[in-house]
Amino acid sequence: MLHTSDWHLGRSFHRVGLLEAQRAFIDHLVDTVREQRVDVVLVAGDVYDRAVPPLTAVELFDDALHRLADLGVPTVMISGNHDSPRRLGVGAGLIERAGIHLRTAPAACGTPVLLADAHGDVAFYGLPYLEPALVREELGARRGSHAAVLEAAMDRVRADLATRPAGTRSVVLAHAFVAGGAESDSERDITVGGVAAVPAAVFDGVDYTALGHLHGSQTITERVRYSGSPLAYSFSETDHRKTMWLIDLDAAGAVTAERLDCPVPRPLARIRGRLDDLLDDPRLERHEQAWVEATLTDAHRPQEPMARLARRFPHVVSLVFEPDRAPEDPLASYAQRLRGRTDRQIAEDFVAHVRGGRAADEAEAAVLTTALDAVRLAGTETVREETR
């Protein structure tokens with residue numbers, strides 16, 4: 001199995017188009033399938049970067065499906081939180097005849113794609129991104145949380161698997177934030193009720209879980225893994241090694257995993273210091289052809305910093321100002337003070353600030369959480385309405 005996810009077709013990087021880099025990844029994917037004699041391709045969500053993708057992204061997706069179908073290699077694919085399930089799933093029944101299995105409907109979580117090898121059947125279950133407030137009733141979940149809806153979906157998976165012949169191996173594709181995974185800045189928040197992460201134990205009982213959503217390739221357990229995105233989509237991914245997982249299941253369902261590198265269109269670099277130092281430092285020569293995020297620490301904002309940086313670093317795309325000041329300095333960067341804090345923490349800090357230090361009590365904190373969740377859910381429902 002070749003496990004990949006988070007293609008985000010149609011996305012740009014700080015206003016730099018990535019279509020050609022994404023096209024190069026698709027070329028690499030197809031070549032890998034051919035060279036490694038892959039039996040099945042797994043795409044664990046976020047095929048597109050937004051619910052209504054640009055035509056160029058749709059054309060690239062169409063080209064990828066045709067090329068995989070031409071190889072005669074089945075593909076199992078789910079929708080992620082960036083995708084419109086209804087749009088991505090259009091024509092799924094017809095496309096399935098070509099070996100492309102799109103799983104975008106929550107109700108179909110317990111209906112597997114059955115594929116066979118020399119050792120027998122493998123059941124592939126597709127769990128698309130499950131927005132708790134929208135699927136809780138449909139799945140019969142006990143609570144409106146990510147963990148609860150995933151548990152309900154996995155109950156359906158295990159119930160179906162129990163009806164299969166002994167020795168049937170199983171694979172789940174899911175798009176979720178699993179506890180133990182490391183985040184980056186380019187993933188859209190899926191927090192509900194202040195709790196986004198679900199325990200890996202939710203996926204107990206299957207041989208392999210192919211995860212999508214987090215952009216770093218990660219091993220949660222030997223049987224639960226993130227492939228990560230094939231390209232870097234934020235500077236928080238500067239140190240990522242972009243790969244796909246080549247997964248082998250033996251006759252007993254034991255997992256063997258190998259990381260296969262993806263092509264790098266241009267390296268990323270984060271540099272920091274006074275503008276004059278960044279322009280003169282010989283150690284930064286290795287970053288001159290990279291995409292660069294420069295953080296300037298000058299006490300006062302220099303004149304034309306972007307233009308001056310671009311003479312040495314022609315691919316500088318992000319400029320951050322963080323003047324070196326004492327922590328108690330009232331002019332310290334507001335963004336710096338907010339870094340690493342959740343929306344709920346920021347709101348609670350504001351309440352404490354305007355009330356002279358009296359923090360929100362338990363009931364008030366619950367009201368803030370409900371309000372934040374309602375705003376995020378309203379945005380999700382707007383997207384759903386726009387894609388109908």
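This is a predicted model: local features need pLDDT of at least 70, side-chain atom pairs count only at pLDDT 80 or more; totals for chains, interfaces and linings use all residues.
Tyrosine 48 sits in the loop between strand 4 and helix 2, while phenylalanine 61 belongs to helix 2, so the pair ties together parts 13 residues apart in sequence.

A search of the whole structure gives 4 aromatic pairs. Another of them joins phenylalanine 13 and phenylalanine 235, with 5.1 Å between centres and 55° between planes, a tilted arrangement. This pair links distant parts of the chain, 222 residues apart: phenylalanine 13 is in strand 2, and phenylalanine 235 is in the loop between strand 12 and strand 13. Both of these phenylalanines are buried. Together with Trp291 they form one aromatic cluster, and the charged end of arginine 266 sits over the ring of tryptophan 291, 5.9 Å from its centre.

Leaving aside neighbours within four places in sequence, leucine 150 is in contact with residues including Leu127, Val198 and Phe203.

Finally, have a look at glutamine 218 in strand 11. Glutamine 218 has a relative accessible area of 13%, so it counts as buried. Its side chain reaches the backbone oxygen of glycine 216 at 3.0 Å. Among the residues that glutamine 218 touches are Arg225 and Trp245; arginine 225 itself lies over the face of tryptophan 245, at 4.5 Å from the ring centre.

Note on methods: Residues are numbered from 1 along each chain as its sequence is written. Side-chain values use heavy atoms; hydrogens and water are left out. Contact means heavy atoms within 4.5 Å. Helices (H or I, at least four residues) and strands (E, at least two) are DSSP runs, numbered from the N terminus. Buried means under 20% relative accessible area, exposed over 50%, partly exposed in between (1.4 Å probe, protein chains only). A polar contact is a pair of N or O atoms within 3.5 Å; within protein, one must be able to donate a hydrogen and the other to accept it, and residues adjacent in sequence count only if both atoms are side-chain atoms. Rings of Phe, Tyr and Trp (its six-membered ring) pair if their centres lie within 6.5 Å; planes under 30 degrees apart count as stacked, over 60 as edge-to-face and the rest as tilted. A charge sits over a ring if NZ of Lys or CZ of Arg is within 6 Å of the ring centre and within 35 degrees of the ring normal.
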